[in-house]
Each structure stands twice: as structure tokens, then as C-alpha cells.
Amino acid sequence: MTSASSSLPRPAVFLVDDDPAVAHAVQFSFDLEGLEVSSFRDAESLLASGALPKKGCLVLDYHLPGANGLELLDRLRANDVRMPAVLITTNPRPHLRARAAAAGVPIIEKPLLTDALLTAVRSALAHID
């Protein structure tokens, strides 16, 4: 990291997960890594929050109350939100893997015991203009 980049705002991560323990753990660890996390418990909360910035990364749980993570992503894309996304879920079935691949979204499996989610988010953020 250069000294010029240290004066820039922290990269934004938008986490949508209805499990408070997961949301807190991700928010805590990402904060330590210099990422600014905004956490939402469901699709409607994120959509009601107002305009999303154009830069950042979405971290979406697949199993959400109401719309699932891929349905939320479809709604965001329909609203011209193009930021990269990472899907988190437990035991993804082949059809879900295929849907995520078709959407260009990597899947990180829960439980989040390694740094795979952070690595995926950093990779997504590195490809933003």
C-alpha cells in the first residue's frame, strides 16, 4: 500500500446475512483488514438503505429471509448495481453452483473457517476501476 492510498476511503463491503454471529464476525475481521463493512439482515434492508456506491463488493448469503442471495443480486443488477459479489452458503448443491457460475459469482462455503472469504473479496476489489 502506498502512502497516497492511505488517505483514500476504506474499500466498501456490503454484507447481507441474517445470522448476527456471522455478520458480527465478518464485520470485525474485515474491519481489522481495513475494509468498511455495512451489514444488512435481508434483501429488503439492503434495498431500502438507499443508493449503493458504484465501487465495493457485495457479500451475499444465499439463504436469506424473503429473496435469496442470487435473487437479490438479480434485483441489484436490474437497478444497474454492477459491483462484484461473493455468495456465501452452506453445502451448495450442483444447481446452485451452476447458477452462481452463470452469474459470475464465486461461492465461499460456510462455516467461514479460513480466509477464503477475505481473499475472494480482496480479489473482487482489486478488479474494480
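# Chatting through the strands, core and a pocket

User: Hi! Before I dig in, what kind of model is this?
Analyst: Hi! This is a predicted model. Happy to walk through it with you.

User: Great, let's begin with β1. Is that strand buried or exposed?
Analyst: Five of the five residues in β1 (residues 12-16) are buried, so the strand is largely enclosed by the rest of the structure.

User: And which residues sit on each side of β1?
Analyst: A12, F14 and V16 are on one side, while V13 and L15 are on the other. Both faces are covered, and all of these residues are buried.

User: Which way does β1 run against β2, parallel or antiparallel?
Analyst: Parallel, with five bridges between β1 and β2 (residues 36-40). To find one of them in the viewer, look for V16, whose bridge partner in β2 is F40.

User: How does the chain get from β1 to β2?
Analyst: Helix α1 (residues 20-32) belongs to that unit: β1, α1 and β2 make a right-handed β-α-β unit.

User: What about β3, how many bridges join it to β1?
Analyst: Four, and β1 and β3 (residues 57-61) run parallel.

User: Where do the side chains of β3 point?
Analyst: C57, V59 and D61 point one way, L58 and L60 the other, and all are buried.

User: New topic: which residues have the most contacts inside the largest nonpolar core?
Analyst: F14, L46, L58 and L87, in a core of 24 residues. Elements giving two or more residues to this core include β1, β3, α3 (69-78) and β4 (85-89). The largest share, four residues, comes from α3.

User: Which helix gives the most to its lining?
Analyst: α1, with four residues. Both α1 and α5 (116-126) supply at least two residues each. Among the lining residues are A25, F30, E33 and L118.

User: Last one: what classes of residue line that second largest pocket?
Analyst: Six nonpolar, two polar and two charged residues.

Methods. Residues numbered from 1 in each chain as written. Predicted model: local features only at pLDDT ≥ 70, side-chain atom pairs only at ≥ 80, totals over all residues. Heavy atoms only, no water. Buried < 20%, exposed > 50% of the residue type's maximum accessible area, 1.4 Å probe, protein only. Pairing = 2+ DSSP bridges. Right-handed = clockwise from strand over helix to strand, strands pointing away. 1 Å grid on protein atoms, 1.4 Å probe; cavity = no way out; pocket = protein on both sides within 12 Å on 5 of 7 lines; lining within 4 Å. Nonpolar A, V, L, I, M, F, W, Y, C, P; charged D, E, K, R; others polar. Core = buried A, V, L, I, M, F, W, Y, C linked by side-chain atoms within 4.5 Å.
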